[in-house]
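Take a look at the model below.

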Amino acid sequence: MQTNKVCSICGALGHSKFYCKSKPIKSIAKVRKKPRLVKPRTKTKSRSQLVKELDSVFSKYIRQRDEGNGCITCGDVKPWKEMQNCHFYTRGRIPTRWDEVNCHSGCYRCNVILKGNYINYTRYMIDRFGRDAVDELETKSMSNIKITTEEIRDMIETYKKKVTK
């Protein structure tokens, strides 16, 4: 079934401009567009990227702070780059994740293999800070304190200043 439609592009009978094989010639004005001035986009980091960066900077700070003291639980002395940031209350408890009282430098064996060596770690915490301070730290770790993204950015800047390369 043939249609009596005339193509507005090529002038042939039987098809419309939507099915035409030949392309219309673009005018010169349409081809030469003015370049748009595009502002460079500043990439903002997501909250998870900021948390990861803060974890890294804070870990460096703790390990450098405790350099020369040795592992918190076994006393093994190693360079700060071979030590780890041990948390008395786990990193999953956000209110104490970046608390300097909650974090100390420890060796891989005690932190990973012995799963924190908590008996010796608890003795150290009570001897160093006292039972009341450890109880306060526990209360803080179980609280519902929210840490905003701005506070995370501020902590990153603070600990970057404290860390020696």
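This is a predicted model: local features need pLDDT of at least 70, side-chain atom pairs count only at pLDDT 80 or more; totals for chains, interfaces and linings use all residues.

Now widen the view. The largest nonpolar core has 15 residues. Y159 is one of the members that touch the most others, along with L54, F58, W98, I152 and M155. Which elements give two or more residues to this core? They are α2, residues 47-65, and α6, residues 149-162. The largest share, 7 residues, comes from α2. In soluble globular proteins, nonpolar side chains tend to be buried together.

Next, go to the surface. Y108, V112, I113 and L114 make a nonpolar patch there, of about 360 Å². I113 is found in helix α3, which covers residues 108-113. Is I113 buried or exposed? I113 counts as exposed because its relative accessibility is 52%, and the cut-off for exposed is over 50%.

How many disulfides does the structure hold? The count is 0. For C71, the nearest cysteine sulfur belongs to C107 and is 3.7 Å away. A disulfide needs sulfur atoms within 2.5 Å, so C71 is in no disulfide. C71 is buried, with a relative accessible area of 4%. C107 is in no disulfide either. The cysteine sulfur nearest to that of C107 is in C110, 3.6 Å away. C107 is also buried, at 2% relative accessible area.

Definitions and conventions
Residues are numbered from 1 along each chain as its sequence is written. Side-chain values use heavy atoms; hydrogens and water are left out. A nonpolar core is a set of buried Ala, Val, Leu, Ile, Met, Phe, Trp, Tyr and Cys residues joined through side-chain atoms within 4.5 Å. Buried means under 20% relative accessible area, exposed over 50%, partly exposed in between (1.4 Å probe, protein chains only). Helices (H or I, at least four residues) and strands (E, at least two) are DSSP runs, numbered from the N terminus. Patches are made of residues with over 30% relative accessible area and no salt bridge: like charges are joined within 9 Å, nonpolar side chains (Val, Leu, Ile, Met, Phe, Trp, Tyr) within 5 Å. Accessible areas come from the Shrake-Rupley method with a 1.4 Å probe; for residues, only the protein chains shown count as cover. A salt bridge is a side-chain nitrogen of Lys or Arg within 4 Å of a carboxyl oxygen of Asp or Glu.
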